Amino acid sequence: MIRFEDVSVTYDGASEPTVQGIDFEVPEGELVLLVGPSGVGKSTVLGAVGGLVPHFTGGTLRGRVTVAGRDTRTHKPRELADVVGTVGQDPLSHFVTDSVEDELAYGMESLGLPPAVMRRRVEETLDLLGLAPLRDRPLATLSGGQQQRVAIGSVLTPHPEVLVLDEPTSALDPAAAEEVLAVLQRLVHDLGTTVLMAEHRLERVIQYADQVALLPAPGAPLRVGTPAEMMAVSPVYPPVVDLGRLAGWTPLPLTVRDARRRAGDLRERLAVHVPTDNAPAAADGGTAPPGPPAPDHESETGGAGGNPGTPRRRRAFRNRSTPQAAPNLADVTALSVRRAHVQALRHIDLTITPGETIALMGRNGAGKSTLLNTLVGLVAPSAGTVQVGGAEPHRITPRDLVRRVGLVPQEPRDLLYADTVAAECRAADTDAHAAPGTCRALVTDLLPGVTDDTHPRDLSEGQRLALALAVVLTARPPLLLLDEPTRGLDYAAKARLVRLLGELAAAGHAIMLATHDVELAAELAHRVILLAEGEVIADGPATDVITSSPSFAPQVSKILAPQRWLTVAEVRKALS
Amino acid sequence: MPRSSSVRSESLHPGAWWLWALSLGIAATRTTNPLLLALLVVVSAYVVATCRRPTPWSRSYTAFLRLALAVLLVRLLFAVVLGSPIPGTHVLVTLPELPLPDWSQGIRLGGRLTAEALVFALYDGLKLATLLVCVGAANALANPHRLLKSLPGALYELGVAVVVALTFAPHLIADVQRLRAARRLRGRPDTGIRGLLQVGLPVLEGALERSVALAAAMDARGYGRTAEVPPRVRRTTTALTLGGLLGVCAGTYGLLTAEGGTYGVPVLLAGLAAALAGLRLGGRRTPRTRYRPDLWTTRSLLVAGSGAAVAAAMFLASVADPVALHPGVVPLVAPVLPLWPAAAVLVGLLPAFLAPAPKEPSS
């Protein structure tokens, strides 16, 4: 259905081809997953299917791409619109009209389908994607998962034979991601649609793939094979594969179910190593959050610095009695926030103490971002009080604020204004009244190898996040907030982030991160707060909260239950 | 498949709302009677209150109300500060007058302020404010996007450009808010003009990126596909459109010059007809079809008709009884509500009974 024949793409002004030697075929009715670290040209390969590369992006495409027998060299994207449906990373930038129903019809209108056919297909698609109750809603009022489903629906209505998806679930909470993936599964099974998809969060999608196309490194040739074969050699892999590799299982299990069936041995071997550092947490599980850890004891983290695979710092905070005297960094009492007739937060009580790492989880729209914004004073409370570092954040000047609390927003680019990294750092030093060079030193620490004259726009997602983090840290805020830090990060970038945040926590910073990424929460957080409809529905030690919920449990904990292991790193350490 | 099922029965044609609202606005221009004008405002406001749906554009009504109020106040302010040519005897207050040089004759700053001048300005401003409120009603009731969808096929590209621009404005505002918030996170002041200016460039960059992404998405979804048309049809289209436009120009010229009274109207009409035929024929190049187009149903026609009836009645009344519609200012008399024109204005309430918004909350 899709055939790449020795394709290479060179963008204008680039000296090297972005991808080369791409030669593979996607048979009809298969779901093929395109896998690889950031920056290997996955989006370029996807764009080439719909003809957007090179017709829209510019550059030179050598070789040949054919879709359903049509050569993209001679067919423009609009002439492929009836066979290829493309959905990009951001559904909002995909929408042309303003309401759900019109959006679903737009592609068919362009193709000139008769009104009766359009009507029937819109109704079918509304049902298929579960969008019927939303048909008249303006697109801007939908949640992320709903928007992603509408975007998929809008390319489905012309009945394309091929569906191309770039990171369809990256921005979604676990439940919404399941929704979208269930729909894809149904399309492949019931309608025989061919799907080519790229996704960083492999733990969500690998089980649905018929084949995996692997781009191991920039410029490396593409390899195609069964998911198990490819996962055995891939530089990016989900925790279940990591555990499988650790335990030496062949063929590698790709689903929690497969892994569980073979995990009997492993569980036995692990039974003697009860996860020691989780034990205290489990013991006082019934009570409220574990006592505030003190910001010392960095030395105890042991192998963390030397071994990138085992970022373990939790130990440092758990094995000690809790000094109650430590002052709270933030106190939230009876906080309610109402915005535009929506009750965003209801009666939230919360304290944050130095050195603890809190994961804030919940579905899209549960109020996570609102809570973070309230803590930095971007949103004023409608009722209740917020105290951060002894002041009400919405009443103090920005200059005072940055010394108490720092927030890295969902889109780190929002924080960056300057043309070069050096200028950005100078501005950050001035803003924070820090000694000149403070920010640059942080950047060198977080981003080794980034030169002064790099434009922030040219950095990868992960590097940009690190730069924004350095800018925020220049003011040395004791409380650091991050909103969805792992969106668009591959496993390597995530591991670096985990290491970095762990070191900050060990140095006494309190960290609170809003995230959908259960694996990240499992690796980092001491404490997990679950939000639903603006209310705190669970607040407790990470082990207790996330293992007790099927949608928030990380893969390792599902595989090794009832033993309470959260990450592969813990298991690896216990076995060594 | 029955025809009716491919039409959204519950919503009125957006053109009907615009005709209704503009007719009320035209009616407002025929009178300066404050009671009649107030009645027009009340009628349109009542219809908006009962018929508008919870949509983003329906919130613009409040903005139009504020604008109307501002216009009224500015008109009064001008009357106070700049004086007014209305002769009057009831001096309310005498402001210090600013002596102006000779060349600015006819302009006066300050001076006597008479009750007559103030009342005249009030009536005049009220007329303008009513017109604005009526336009606001149209904005609140009719979906601007659906109105653009009713354009003929040949103008489709133009319509899309406007729709995209319309959806971009809210995005742009959201971007500005987000980036100003980000300034606070950097420890810079997030209020004031300087803060706004400094986020200008990133906002524009973001808008540019978004438009490129949208253009790619539209292209990938078949925007701009063209159908093959025989060269004969293409040539006829060009001839009709160009000829029609020439005819419109010539006709307008004829209408406006003294000696062209005889040929003006027919040439204008012929030109219009030719241009419209050209547009219709040009639509053949785009193979687009329309999903659930808005049709002129009986209800739509009645809504538009009710507005037209108000305008027509007001025209008739302004001819039959000009005094009642323009209450005297010199000498000052209390305005009275003329019975028949007032009853006619009430016809404009018809849409409130024909197309009330559904009661259930849309969630």
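Predicted model: local features only at pLDDT ≥ 70, side-chain atom pairs only at ≥ 80, totals over all residues.
Residues count from 1 along each chain as its sequence is written, and chains are lettered from A in the order in which they are written. Local features need pLDDT of at least 70 and side-chain atom pairs count only at pLDDT 80 or more, while totals for chains, interfaces and linings use all residues; side-chain values use heavy atoms, with hydrogens and water left out.

One joins A:V53 to A:P54, with omega at about 5 degrees, and A:P54 sits in helix α2 (residues 52-55) of chain A. Helices here are DSSP runs of H or I with at least four residues, strands are runs of E with at least two, and both are numbered from the N terminus. The other cis bond links A:A561 with A:P562, again at an omega of about 5 degrees; A:P562 belongs to the loop between α23 (555-560) and α24 (568-575) of chain A.

Positive phi values come next. A:D6, a non-glycine residue, has phi near 45 degrees and is part of strand β1 (residues 2-10) of chain A. For A:H159, also not a glycine, phi is near 55 degrees, and this residue lies in the loop between α6 (144-156) and β7 (162-166) of chain A.

In chain B, helix α11 (residues 298-320) has 23 residues and spans 32 Å from first to last C-alpha, close to the expected 33 Å, which is 1.5 Å times one less than the number of residues. Its buried residues include B:S300, B:V303 and B:M314, where buried means under 20% relative accessible area (1.4 Å probe, protein chains only).

Terms used
Buried < 20%, exposed > 50% of the residue type's maximum accessible area, 1.4 Å probe, protein only.
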